[in-house]
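Here is a short walk through a structure, written for reading alongside the model on your screen.

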Amino acid sequence: MDFSLDERAEAFRAEVREFLRAHLTDEVRARVAASGTYHDWEFHRAIAAKGWIGAAWPVEDGGQGRDRADMDILYEEMAAAGAPVEGMSVTLIIAETLRRAGTPEQRERILGPVREGRLLLSLGYTEPDAGSDLASARTRAVRDGDGWRITGQKNFTTHAHEADYVFLLARTDPQARKHAGLTMFLVPTSAEGFSLAPVHTLSGERTNLTFYEDVYVPDTARVGAVGQGWEIVSLALAFERGGEFAAQLRRLVHATVTWAHAAGREGDPRLLRRLGRAVTATEVSRLLGSRATWLRTTERAGAVEGAMAKVYATEALVRWTGELLDATGERGLLNPGTRDAPAGGELQHLYREAQISTLYGGTSEVLRGVVAERHLGLPRSRRGSGGS
Amino acid sequence: MDLELTPDQRDVATAFARVLARDSSIDRVRAAEDAGFDPALWKTLTGMGVLDIAAGQEDASGFVELALVAEEAGRRLACVPLVEAAVAARLLAETGTTAGDGIVVLAPRPAEGGVAVLTPAGAVADAVVALDGDELVLAHGPAGAPPGDLGFLAAADRTLRGADVDRRVLASGDRAHALWRDARDRWRLATAAACAGMAAQALDIAVRYATERHQFGVPIGSFQAIAHPLADVAMAGDGARLVAREAAWRHDHGLASWRAAAAVAFAHAAETAVRAGELCLHVHGGYGYTLEYDAQLYLRRAKATRLLAGDPDALWEEIGAVTIGGDR
């Protein structure tokens, strides 16, 4: 048993922190706050210049052959600093999937520019009527000569307005079994018939509705075999992150301590109790996350442990951002950016942002089901008639 | 990071797990319930050298192994003062004190008015190590009368002064406080491990029942209203084991952060054990409320263990204060 931090990994952490001091400038933060887009091209290209986009890929794929744990450190530090890396992280989920399931042509066309920070990808899974039940997607793709015609609508296509492609799950066979009738496509956002509308959210983050009206794509847009869409989704799900939620909690603790000193509330027992609980939840979240990371480096996959880490940390984030905002009293209602907002509004911002964390990348309810069945061995829960 | 046990650690854990499963079976626990102490089990465990595991003077190590044994003891609701005696043994070794044969336990809270209030195993121990004002004392004396406690821990008050008490001052002033704090923090981390074991076993029992028990024509574990709380306890429970083991590892590696880690470990693991016990009872429905089922035993031991450290809010407050920089 060894809980020590790997020296080489900690050196990398220090390098990331140094990078953040230099590149996460007030200008970048202001641009992100104004646009609501958690992606910033200048910042993104600076990450690319360090070779950190796809750094865990093998050298023959243009990566640095780093440990996956290094990518966790990268995301952790970015999250702890509040850096705009949503675009990068979604792009890497898709790129990682293409690296394994894409054609040589797709890998050639996509991976290089992704690595160089020139190309952004966006996820097109959910639809107005397909949220957690992703496999019920109704967006249609119909054969047209050598290509396909796509018609439908996707929800929460975040940063599609900056992205070059949408990784789109479409139904190619309405007669087949629910999960068997799906196929994955990479749809260029420049294609005729593609359009989008912004959707604004509680934290100020902007997402999109994307519309596909008879969009033509060549067959080279198809990822994986026809009817294999669900397998591709499952593959991509394994690359969802998780470790950064503990870092978000760290950010919360840091903001609270800063505020308590500024407000002279270091001795307030009600605050201290809440803070003590939040710190404890942060430590537990950190260790559950580290365990999942460690398991991924062994022959075991760590997928269930990753789900456990995600649910625990994000539920803690919702609870303790709320409780610690409460601890600031009535001033807590002052919006971020207003004068006198506690910790410059950071606490309220974290509280707002926390609300999405238990939803994306698998809702807490879906993931608790995964833990119940695959970790505890409980009988499969009864589902609606649409289940496979 | 490598969470795999070393072969030596695995040997220790397996050996004690086997003995505890056999000699602290639920029947044995129930037989020892009134006394809160199982002398035969104590003899077996001390015979296996359980008190030597963490008593080493030449290095700091041993608490990782002690935590592994405590996990198993917690899992089996062992009616022995394993952690209290192991931590006391370490303190006696550090101060070069010979206490003779017999059971010596640490009182996990400072004494009040010369009395170590509700000391675990106070009803059976030959001597108690306690912080009495500014003195750290070893007090041999008559075992206290057990008032009866929630966790069948043989908890009893121990008088540290008086004619029938052989009181030895091990240290006084700052040194007494420092030694006592070491002992208390070690008690916290090892007891956290015991709580993690309790939580794991209570969860296992609940999961088994939820799989076998049918209502409305299906196993109740197929209802999300049952399954999801169990999943929550599984996450908190794995977290409890991790924080306890990490605190022990930090201790054994001489990292200054071990104290804060021990406080966090105890706060979280004790809360989780209580939650697991309560959930285990609840999942059993009305049966869980009856004495015939084991859920109540886990609930009682967990709640009592948490209370041994006093009001849990005081600990959350302490952790908050340490975080904010006002170390107490």
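F156(A) counts as buried, because it has 21 C-beta neighbours inside 10 Å. Please keep in mind that this is a predicted model. To find F156(A), look in the loop that runs between strand 3 (147-154) and strand 4 (165-171) of chain A. The backbone is worth a look too: phi of F156(A) is near 55 degrees, a positive value in a residue other than glycine. For background, most residues other than glycine have a negative phi.

## An exposed counterpart: D340(A)

Another non-glycine residue with a positive phi is D340(A), where the angle is about 70 degrees. D340(A) sits in the loop between helix 10 and helix 11 (346-357) of chain A. Is D340(A) buried or exposed? With 8 C-beta neighbours inside 10 Å, D340(A) counts as exposed. The cut-off behind this is 12 or fewer such neighbours for an exposed residue, and 20 or more for a buried one.

## Helix 10 of chain A

Helix 10 of chain A covers residues 303-327, which makes 25 residues. From its first C-alpha to its last it reaches 36 Å, close to the 36 Å expected at 1.5 Å a residue. How many residues of helix 10 of chain A are buried? The count is 18 of its 25 residues, and the helix is mostly covered.

Just after helix 10 of chain A comes G329(A), with a positive phi of about 70 degrees.

## A hairpin in chain A

Strand 6 (residues 194-200) and strand 7 (residues 206-218) of chain A pair in the antiparallel sense, over seven bridges. Within this pair, P198(A) stands opposite N208(A) of strand 7 of chain A. The two strands form a hairpin with five residues between them. In the turn, G204(A) has a positive phi of about 95 degrees.

## The surroundings of W57(A)

W57(A) is found in the loop between helix 3 (41-49) and helix 4 (68-81) of chain A. This tryptophan is buried, with 21 other C-beta atoms within 10 Å. Which residues does W57(A) contact, leaving aside its neighbours within four places in sequence? They are G62(A), G63(A) and R99(A). For a sense of distance, T139(A) is 82 residues from W57(A) along the chain, and their C-alpha atoms are separated by 32 Å.

## Chain A as a whole

Stepping back, chain A has 12 helices and eight strands. Its radius of gyration is 21 Å, close to the 21 Å that the globule rule gives for 388 residues, so chain A is as compact as a globular protein of that length. The C-alpha trace of chain A spans about 70 × 50 × 45 Å along its principal axes. Buried residues account for 46% of the 388 residues in chain A. Of the contacts in chain A between residues at least 6 apart in sequence, 70% join residues at least 24 apart.

Chain A is divided into domain 1 (7-120), domain 2 (123-230) and domain 3 (244-375). Between domain 1 and domain 3 of chain A, the C-alpha centres lie 23 Å apart. Their contact involves nine residues of domain 1 of chain A and eight residues of domain 3 of chain A. On the domain 1 side there are four nonpolar, one polar and four charged residues.

Chain B has 11 helices and eight strands. Its radius of gyration is 19 Å, close to the 20 Å that the globule rule gives for 328 residues, so chain B is as compact as a globular protein of that length. The C-alpha trace of chain B spans about 65 × 45 × 40 Å along its principal axes, and 55% of the 328 residues of chain B count as buried.

Where the chains touch, 43 residues come from chain B and 37 residues from chain A. On the chain B side, helix 7 (224-252) is one of the elements that supply at least two residues each. Helix 7 of chain B gives the largest share of that side, 15 residues. By class, the side of chain B that touches chain A has 22 nonpolar, 12 polar and nine charged residues.

Key. Residues numbered from 1 in each chain as written. Chains lettered and ligands numbered in written order. Predicted model: local features only at pLDDT ≥ 70, side-chain atom pairs only at ≥ 80, totals over all residues. Contact = placed C-beta atoms within 7 Å. Helix = DSSP H or I, 4+ residues; strand = E, 2+ residues; numbered from the N terminus. Nonpolar A, V, L, I, M, F, W, Y, C, P; charged D, E, K, R; others polar. Rg over C-alpha atoms; globule rule 2.2 N^0.38 Å. Domains from an automatic or database assignment. Pairing = 2+ DSSP bridges. Expected span 1.5 Å × (residues − 1).
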